[in-house]
Amino acid sequence: MFKRERKGSLDARTGSRFSVMTADPAFPELPADAFGKVDAEDDAAFYAEARLVTHIDEGAVAALTAFYRQALPAGGVVLDLMSSWVSHLPEDVAYREVIGHGMNAEELAANPRLTRSFVQDLNRDPILPLADASVDAAMICVGVQYLQRPAAVLADVARVLKPGAPMIISFSNRCFPTKAVAVWRALDGRGHAALVDLYLRRAGFAETQVHRLAEGWGRDPLTVVVGRT
């Protein structure tokens, strides 16, 4: 496993500071245990209890909602992957459909913005039950650190997105450490941004942009990486 002291940003040329051994051919830069977790038990058991809390502070939530306001198409079909009881969407913007995905049915049922939802373990099955080119935008909020097959998951997101539609991935410095993958735990904030950028590029997103939305002492940092095919 990774040692916790091996923190740092990914190298700009290779995308990694780690050894070249890998169990995932999509990421030849990373070692075989890059996507291992401390808690290897079934994720369904971990998420069986509903957690009706927010995982970023009010400032980060406000920054993300403002970003969604300008990045998500009003009236469009939006896919909220790894969602919960709240989606952080602007309350005064209507979308034709908000499709929610998560690991806990109770949390999804409590989310008033979702028009429909489904429960699926993306680490076991990365194929989404959605038609090709049927979604106008997709987002993952503070969940990307738990993906053990990120290229496969995001490649299928690219399949269901309409051409040029955004995939918006946001993250902070918070996580459930026993469920975050080893490479995430080994990196700092800039490293996380470089890693998510790498995920998107390996999944077929040709255009990527990094936005740092919330920074400062005493606040949750929030970074957004946007990919477009």
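Valine 78 has alanine 137 as its bridge partner in β4. The two strands concerned, β1 (residues 77–81) and β4 (residues 137–141), pair in the parallel sense over 4 bridges, where two strands are taken to pair if DSSP finds at least two bridges between them. Helices (H or I, at least four residues) and strands (E, at least two) are DSSP runs, numbered from the N terminus. This is a predicted model, in which local features need pLDDT of at least 70 and side-chain atom pairs count only at pLDDT 80 or more, while totals for chains, interfaces and linings use all residues. Residues are numbered from 1 along each chain as its sequence is written, and side-chain values use heavy atoms, with hydrogens and water left out.

**The sheet**

An open sheet is formed by 7 strands in the order β3-β2-β1-β4-β5-β7-β6, with mixed pairing. Its edge strands, each pairing on one side only, are β3 (116–119) and β6 (207–214). From one strand to the next the twist averages 15°, with axes being lines fitted to C-alpha atoms and angles running from 0 to 180 degrees between N-to-C directions.

Strand β7 (residues 222–228) contains threonine 223, which counts as buried at 8% relative accessibility; buried means under 20% relative accessible area, exposed over 50%, and partly exposed in between (1.4 Å probe, protein chains only). The side chain of threonine 223 makes a polar contact of 3.5 Å with the side chain of arginine 212, a polar contact being a pair of N or O atoms within 3.5 Å in which, within protein, one must be able to donate a hydrogen and the other to accept it, and residues adjacent in sequence count only if both atoms are side-chain atoms. Leaving aside residues up to four places away in sequence, threonine 223 touches Ile169, Ser170, Phe171, Ala193, Val210, His211 and Arg212, where contact means heavy atoms within 4.5 Å.

**Helix α2**

The 14 residues of helix α2 (residues 58–71) should span 20 Å at 1.5 Å a residue, and its end C-alpha atoms are 20 Å apart, which agrees; the expected span is 1.5 Å times one less than the number of residues. Within α2, the buried residues include Ala60, Leu64, Phe67 and Tyr68, and what covers the buried residues of this helix includes β4, β5, β6 and β7. At the start of α2, the backbone nitrogen of glycine 59 has a side-chain oxygen of aspartate 57 within 3.3 Å.

**Aromatic pairs**

Rings of Phe, Tyr and Trp (its six-membered ring) pair if their centres lie within 6.5 Å, with planes under 30 degrees apart counted as stacked, over 60 as edge-to-face and the rest as tilted. The count by this rule comes to 4 aromatic pairs, including the two below.

| Pair | Centre to centre | Angle between planes | Class |
|---|---|---|---|
| Phenylalanine 35 and tyrosine 199 | 6.2 Å | 45° | tilted |
| Phenylalanine 171 and tryptophan 184 | 5.3 Å | 90° | edge-to-face |

Phenylalanine 35, in the segment before α1, and tyrosine 199, in helix α6 (residues 189–202), are 164 residues apart, so that their pair links distant parts of the chain. Phenylalanine 35 counts as buried at 12% relative accessibility, and tyrosine 199 does at 0%. Phe27, Phe35 and Tyr199 form one aromatic cluster. Phenylalanine 171 lies in strand β5 (residues 166–171) and tryptophan 184 in helix α5 (residues 182–185), so their pair ties together parts that are 13 residues apart in sequence; both phenylalanine 171 and tryptophan 184 are buried.
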